[in-house]
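Here is a short briefing on one protein chain.

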Amino acid sequence: MSRYMMNKFIRAVEMSTANVNAYVADTEGFVDGWLAGGAGPDAVADDRVLTPEERTAFVERDYGTLYGLGAHPYLLWHFTEAVYEHEYTEGSGWRELVERYRAAIIPHGEVDDIP
């Protein structure tokens with residue numbers, strides 16, 4: 001397991017609108033590009049390794065599995081919000097995203113409160 005790399009990937013996506021858009025447009029291509037060093041703000045690619053399970057969770061945008069694998073809850077929430085923001089509108093849409101997020105991560109442990 002490479003929690004550090006999972007969190008590094010999450011940060012690389014959620015800290016850049018261009019990366020969020022690229023990840024949403026071609027999720028698998030973005031993940032593979034990042035692993036090869038072609039995406040994200042970090043120039044060094046030598047240490048980029050994800051387990052097959054982690055890679056699959058990123059490709060499938062499965063934040064419940066990512067949480068279960070040890071992704072940092074704070075980073076993961078902001079990652080989820082950035083990736084799915086375009087699918088939700090103000091008001092109940094955002095609330096629906098929060099509820100889906102909670103439902104996905106509850107089976108993996110205690111849920112932190114999300115504002």
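Contact means heavy atoms within 4.5 Å. Among contacts in the protein chain between residues at least 6 apart in sequence, 54% join residues at least 24 apart. This is a predicted model: local features need pLDDT of at least 70, side-chain atom pairs count only at pLDDT 80 or more, and totals for chains, interfaces and linings use all residues. Residues are numbered from 1 along each chain as its sequence is written, and side-chain values use heavy atoms, with hydrogens and water left out.

**Fold and surface**
- The protein chain has 7 helices and 0 strands (DSSP runs numbered from the N terminus: helices are H or I, at least four residues; strands are E, at least two).
- From the N terminus on, the order is α-α-α-α-α-α-α.
- Of the 115 residues, 38% are buried (under 20% relative accessible area, 1.4 Å probe, protein chains only).

**Nonpolar core**
- The largest nonpolar core holds 30 residues (buried Ala, Val, Leu, Ile, Met, Phe, Trp, Tyr and Cys joined through side-chain atoms within 4.5 Å).
- F9, V13, Y23, F58, L66, L76 and F79 touch the most other members.
- Two or more residues come from each of α1 (3-14), α2 (17-25), α3 (27-36), α4 (52-59), α5 (63-68), α6 (73-84) and α7 (92-105).
- Beyond its neighbours within four places in sequence, F9 contacts Y23, F30, V31, W34, F58 and F79.

**Helix α6**
- α6 has 12 residues and spans 16 Å from first C-alpha to last, close to the 16 Å expected at 1.5 Å a residue (1.5 Å times one less than the number of residues).
- Its buried residues include L75, L76, W77, F79, T80, V83 and Y84.

Terms used: Buried < 20%, exposed > 50% of the residue type's maximum accessible area, 1.4 Å probe, protein only.
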